[in-house]
Amino acid sequence: MGLEHEEEKLEIKRQVSELTLSLQERESQISSLQAARLALESQLQQAKTELEETTAEAEEEITALRNQRDEIQRKFDALRDSCSVITDLEEQLTQLSQENAELNRQNLYLSKQLDEASDEREDQMQLSHEVDRLRREVADREMHLNNQKQNIETLKTTCSMLEEQVVELESLNDELLEKERQWEAWRGALEDEKSQAERRTRDLQRLLDNEKQNRLRADQRSSESRQAVELAVKEHKAEILALQQALKEQRLKAESLSDTLNDLEKKHSMLEMNARSLQQKLETERELKQRLMEEQGKLQQQMDLQKSHIFRLTQGLQDALDQTDMLKTERTDLEYQLENIQAVYSHEKVKMEGTISQQTKLIDFLQAKMDQPTKKKKPAVPMQYCDMKLALEKERLRCAELEEALQKMRIELRSLREEAAHFKAQEHMASSTPAQARHQILMSAIVKSPEHQPNPSSLLNPSTRSKETSTPEEKRRVTSEREDRALCLVEIKKVKQSLSQSHLPAPPDLSPFVFETVKGCHLFSSGKIDNGTCICAAMANKITILRHNESLNKFCIRKEIETSEPCSCIHFTGYSIIIGTNKFYEIEMKQYVLEEFLDKNDVTLASAVFAASSHSFPISIIQVTTAPQNDEYLLCFHEFGVFVDAYGRRSRTDDIKWSRLPLSFAYREPYLFVTYFNSLDVIEILGHSSLG
């Protein structure tokens, strides 16, 4: 009870201290807001004075500009009036010039009259006086005209000067108008700033009023909390007296409890000793459990491996059963074809026998006719007899060809039956090693490949089937021919020249260059690495790398690498060669170092690495993307395909599963063509941008 009162007292003190701190913070906020208000009021007053001063200055400048504009307008009007006076003077000048011309005509007329009236002296005197008067008037008019011309010239110069002044005044007027617009815009901006400052002042005033109200509320709360504190202090004093009395009683109880505590400590020490012994037993049990868990994990892994092995065996058994069914169907088809051929042959044989009997009768009749003695001239043999003889020879040849084809079909049927019997025997035997299983799959693929199937057109052409019969001599001949297969180099120019001259009776000889060191080459590829042409040739148990030597102008052997199995695919990159034998390997072309291409540290490729080392074997490698620093390859095993980057790490989460055993691959972006024994799959490979 006393502890609860103490806690309540401490809680009330803490609340009082928090209230005082909040009041102090409120007071500091109010003082800061007041200071900010005073600063804003001073700034507002200063902005008002500056605005009033700038407004007065702007109004004074506007009035001065307006006065200047009025003065310029007056000058412009005066200049316009002076220009009108100049035009009037020019009109007067033209009139005076016209009058002068008229007076000149009159003078000529009077001089003519004076010449005609020379005999009349009186008239002559009058006319001479009149002529002198007219001459004086003309001289006066000419002087006045010259003066007018000079005045016009001076007025023109003054007019041009006034026009220049007018242009300058117009430019000044435009500048003054632009300044007036600027002053108006400045005045508007200052008025906007003034209105914004007034709004901020009103907002600050409203915030100050809110703070005053909050301060009043805080004062009320503090007074109430003080009263509550005083009341609580009085209650706590009474509680302290009661607690002191209870404390004495508790001390007596504590003495009795200390004795019981000593007894309990002794019991606790005994229990601790027992707990230590139990802890040691628990540790030993945990170690035993950990060993059992590890053994269980190993057993689980072995069981998973056995399950996968059993699954592969069942899958291989199912494939073998499917192949057996296929061979059975092929055997029934061949038997049916053989029966059809036998029926056709028997039918043709009956027809040929009838034809032969008829032709022999006709020959006997013609022979009898020829043997009879006649007095007439011996007749010529008819043309029908020659035609019949040729037809008979053709029928005999055709019959021989059909017999030969029938014999070949029987031989093939016998070999297929032997293969089916051998395959049935193999169904009951499990493959002992991955290499043997791979060899069996390769042999089945070779048997199913199109070049090992009977060609219908070859039934009538024995020469084309000479290498496909199953006699030991012919098998040895095929093997020797394949072992003698060599790698040759032919210039493109010579090939083009030979093609262009193929119509000639004696075409030119190509004479290819044969690499004598490369014998039994079954696969090769070429490419450029470090601006040098390289050739990689694959034999049965090794790989030879040749590089072109510029100084010698020929290909030289750089490296020979032994392989455990024949190479099935070769691909050139910008700096290395990727090959596929029992696994995918990469040959670095600077030091010619052979390393496994798949990254073993990539846990997502564990299935591919395990498959490559156990039962799957490489067939092809295809470069899917050729972006800079982002090469991507599709590694094709005989069961699935996996996408990797240039470092042998997985680039896509999903693999491609083949529906059956593939024979060959071809890629034309974005489609992958997979060729099987009797079908073709077209798979679209999306880019990384489409995959998101």
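Which residue in β5 is the bridge partner of Cys534? The partner is Arg547. The model is predicted, so local features need pLDDT of at least 70 and side-chain atom pairs count only at pLDDT 80 or more, while totals for chains, interfaces and linings use all residues. Residues are numbered from 1 along each chain as its sequence is written, and side-chain values use heavy atoms, with hydrogens and water left out.

Strands here are DSSP E runs of at least two residues, numbered from the N terminus; two of them pair if DSSP finds at least two bridges between them. Strand β4 (residues 532–538) is joined to β5 (residues 542–549) by five bridges in the antiparallel sense. Both belong to an open sheet of four strands, ordered β3-β4-β5-β6 with antiparallel pairing. At its edges lie β3 (523–529) and β6 (554–562), each pairing on one side only.

The loop between β4 and β5 contains Ala540. Between the C-alpha atoms of Ala540 and Glu565, 25 residues apart along the chain, the separation is 7.1 Å.

A nonpolar core is a set of buried (under 20% relative accessible area) Ala, Val, Leu, Ile, Met, Phe, Trp, Tyr and Cys residues joined through side-chain atoms within 4.5 Å. The largest has 16 residues, and Ile577 is among those with the most contacts inside it. β4 gives the most to this core, with three residues. Leaving aside neighbours within four places in sequence, Ile577 touches residues including Ile529, Cys536, Ile545 and Met589.

Terms used: Buried < 20%, exposed > 50% of the residue type's maximum accessible area, 1.4 Å probe, protein only. Contact = heavy atoms within 4.5 Å.
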